[in-house]
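Subject: Structure for your review

Dear colleague,

Please find below the structure that I am handing over to you. My notes on its salt bridges and nonpolar cores follow.

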Amino acid sequence: MTSHATTGLLACLAATVLAFAAVPAPAAHAAEIDFDDVSVSPNTATFVSSSHYAPQGVTIQTVLDIGDGLVVGNSFTPVVSRNDFLVANFASSTSKPNLALADRVTNGFITFASDEVLFTFASRQSGFSLNSDNAPLENPDVIRLLGLRNLGGGEFEVIAAIDGLDNQTTPAASLLSINCPGGCDAAMFVQTTELEGFDNLTF
């Protein structure tokens, strides 16, 4: 969820590169990541390695557009476009100062190309949630959160899904949360029509 003002900001800000930074039972919710451990100057962004939060039990990658119509029971094979993601110090963060974004930088500028963000867990999780960014005065666009089961060979099955709107302005309203029957191996944050930020991963 990015306000039109924030969308313009995202589109014209240079991304300052600072750093790269047997099946188990589903784990209970135990981790929360707000991205505020990454040092970023106001109104800039930095590339962060997919493995930055591996010690907390998750890797985060940018993948190419998977489309907007996947439902529970569908399977697909995501294509990783960047083995990283962006952390930005933007006013639209739900828990200031930072939020995260898919990595799509063209000629030094953050851009939108319907990329998605893949979260792969070190162990199966019973649920997963995040907040979309704070977007006052924005027309609503759909955002999605998918819970995934690893089928092997890079293929995943959708086992849980929730849709939301990107114009929410409070943490309670911007929360996307899924429960995973039998546990999720991974999750995906799906953008549909514009660049979206996310914050406060909980699993």
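Does Asp-103 count as buried or exposed? At 3% relative accessibility, Asp-103 is buried (under 20% relative accessible area; exposed is over 50% and partly exposed lies in between, with a 1.4 Å probe and protein chains only).

Please note that this is a predicted model, in which local features need pLDDT of at least 70 and side-chain atom pairs count only at pLDDT 80 or more, while totals for chains, interfaces and linings use all residues. Residues are numbered from 1 along each chain as its sequence is written, and side-chain values use heavy atoms, with hydrogens and water left out.

Salt bridges

The whole structure contains six salt bridges (a side-chain nitrogen of Lys or Arg within 4 Å of a carboxyl oxygen of Asp or Glu). In one of them, Asp-103 pairs with Arg-82, with 2.8 Å between the closest N and O atoms. Arg-82 belongs to strand E5 (residues 80-82) and Asp-103 to the loop between strand E7 (98-101) and strand E8 (105-106), so this pair ties together parts that are 21 residues apart in sequence. Strands are DSSP runs of at least two residues, numbered from the N terminus. Arg-82 is partly exposed, at 34% relative accessible area.

Another salt bridge links Arg-104 and Asp-115, again with closest N and O atoms 2.8 Å apart. Here Arg-104 is partly exposed at 27%, whereas Asp-115 is buried at 2%.

A further bridge joins Asp-163 to Arg-144 (2.7 Å, N to O). Because Asp-163 lies in strand E12 (residues 155-165) and Arg-144 in strand E11 (residues 142-152), the pair ties together parts 19 residues apart in sequence. In this pair the acidic residue, Asp-163, is partly exposed at 46%, and Arg-144 is buried at 7%. Salt bridges with shared partners also connect Arg-82, Asp-84 and Asp-103 in one network.

Nonpolar cores

The largest nonpolar core has 31 residues (buried Ala, Val, Leu, Ile, Met, Phe, Trp, Tyr and Cys residues joined through side-chain atoms within 4.5 Å). Among the members that touch the most others are Phe-35, Ile-60, Phe-119 and Leu-201. Strand E13 (175-190) is one of the strands that supply at least two residues each, and its six residues form the largest share of this core. Leu-201 touches Phe-35, Ile-60 and Phe-128, among others (contact means heavy atoms within 4.5 Å). A second, separate core of twelve residues includes Leu-148, Phe-156, Ala-186 and Met-188.

Yours sincerely

Key: Helix = DSSP H or I, 4+ residues; strand = E, 2+ residues; numbered from the N terminus. Lists of a residue's contacts leave out its neighbours within four places in sequence.
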